[in-house]
Amino acid sequence: MPHILIVEDETIIRSALRRLLERNQYQVSEAGSVQEAQERFTIPTFDLIVSDLRLPGAPGTELIKLGQGTPVLIMTSYASLRSAVDSMKMGAVDYIAKPFDHDEMLQAVARILRDRQSAPAAGEALASKPANGSGKPATDNSNGEIGIIGSCPPMQDLYSKIRKVAPTDSNVLIQGESGTGKELVARALHNLSKRAKAPMISVNCAAIPESLIESELFGHEKGAFTGASAGRAGLVEAADGGTLFLDEIGELPLEAQARLLRVLQEGEIRRVGSVQSQKVDVRLIAATHRDLKSLAKIGQFREDLYYRLHVIALKLPALRERGADVNEIATAFLARQSARINRTDLKFAADAEQAIRHYSWPGNVRELENAVERAVILSESPEISAELLGIDIELSDLDDDEFIGLPPQTGGNASNSSHEPTEDLSLEDYFQHFVLEHQDHMTETELARKLGVSRKCLWERRQRLGIPRRKTGVASES
């Protein structure tokens, strides 16, 4: 079980963070300052240090040196974001801005611990454990330096584009449904670019109130508005020399879009309340689940900004479109969650693998990760059943769903029958003829397999075409 040290002087935040991490199967120790941490613990023995930047006495960055290689995650407010970026240059592994939500913190912690475990490898991705039952290592489809698991054709095409685009400074627009992993693609583009040693600043445009978005992105001068008691840099300025990732850019207000367009066109920003412009060198990567072109047509997104962003467009397929990737990703999540609770015996039961493969996953990879985490926590036996995944799918309809999408199979006695339908029959005629011809000597499962459909689909077509199911002979399955 990974052991994490929290160093935070605010008791409420420290206690809440401790409870969050402990609920997610981490061992946690805590201290209110760097000095207290030194006095109570041997700091290099921890797997991860999560520390506030501003602490009484020494700053949290002191733990970078004291940790002797232990990764340090710095917590900071937006107001001190420039200091957070500086701390990364000093050796902090990452930063997280306050206030943060629980998922954001857990994802950051899991990613850092995963990267530490796989440090000798070339990539960041978690390598899945053997899943073929042979004891041989499973094929590593995590694509090394890209750090994304999956090998279906759409993803292979995506990897190829990432490798071509990453070394350039071109703006990139990543499109895809929520939960498909758009930030993973953005990180791969940054990590493979010449800016990899500079900061990548991630901003969720939908998470910042509209009244604050311009100040957060572009900074402000003292007195620029009520409450602006001091000037401060914005997130674009903090990304100078590196990459700015704007997630859900379709939520950006039109006024902020105009300012962002100036950054892309002129390479400069002007803080709110300032008359002076300053140069910035930022590569922009944006992501959205919305159709920006349609939004531009109705005036909800600037058309000129859309074309500036759309230099390179990368499309992430939904999880339901990735075929066998879903089981590979689930296996990787299972390995990760099992490691958290120090278990090596957990595996998916056959019904769970079937459910994972055929559920539509409207929440995509994020929903799959949550389902696997839930199942691991609730599991009482080595085999994780479909029920533990907590997904809404009828297993009775999946008896032979692995044959969905396959062409009707031939072979055996059935295919040699002189009564097979001729080529001029429609698909419906073919179906009706085949069922009526073979249902006396084939079970519903065998019929579905031959037709390349699920039993549920077979039943629905029977109802639509008015083909009664025979209740005698071999076809009467219990």
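The model is predicted: local features need pLDDT of at least 70, side-chain atom pairs count only at pLDDT 80 or more, and totals for chains, interfaces and linings use all residues. Residues are numbered from 1 along each chain as its sequence is written, and side-chain values use heavy atoms, leaving out hydrogens and water.

1. Length of H13. Helix H13 covers residues 325–340. Helices (H or I, at least four residues) and strands (E, at least two) are DSSP runs, numbered from the N terminus. From its first C-alpha to its last, H13 reaches 23 Å. That is close to the 22 Å expected at 1.5 Å a residue. The expected span is 1.5 Å times one less than the number of residues. After H13 comes Asn342, with a positive phi near 55 degrees.

2. Packing of H13 on H14. Helix H14 spans residues 350–358. The two helices pack at an angle of about 125 degrees, with axes 8 Å apart. H13 is therefore oblique to H14. Axes are lines fitted to C-alpha atoms, for helices over the stretch in contact, and angles run from 0 to 180 degrees between N-to-C directions. Under 35 degrees counts as roughly parallel, over 145 as roughly antiparallel, 65 to 115 as roughly perpendicular, and the rest as oblique.

3. The contact itself. From H13, Val326, Asn327 and Ala330 meet Glu353, Ile356 and Arg357 of H14. Contact means heavy atoms within 4.5 Å. The residues involved divide into three nonpolar, one polar and two charged. Nonpolar covers Ala, Val, Leu, Ile, Met, Phe, Trp, Tyr, Cys and Pro; charged covers Asp, Glu, Lys and Arg; polar covers the others, Gly among them.

4. Positive phi in two loops. Most residues other than glycine have a negative phi. Gln68 is not a glycine, yet its phi is positive, about 50 degrees. Gln68 sits in the loop between helix H3 (62–66) and strand S4 (72–77). Trp361, also not a glycine, has a positive phi of about 50 degrees. Trp361 sits in the loop between H14 and helix H15 (364–378). Gln68 counts as exposed because its relative accessibility is 65%. Trp361 counts as buried because its value is 1%.

5. Leu465. This residue belongs to helix H20 (residues 455–465). Leu465 is partly exposed, at 24% relative accessible area. Its C-alpha lies 7.5 Å from that of Gln432, 33 residues apart along the chain.

Conventions
Buried means under 20% relative accessible area, exposed over 50%, partly exposed in between (1.4 Å probe, protein chains only).
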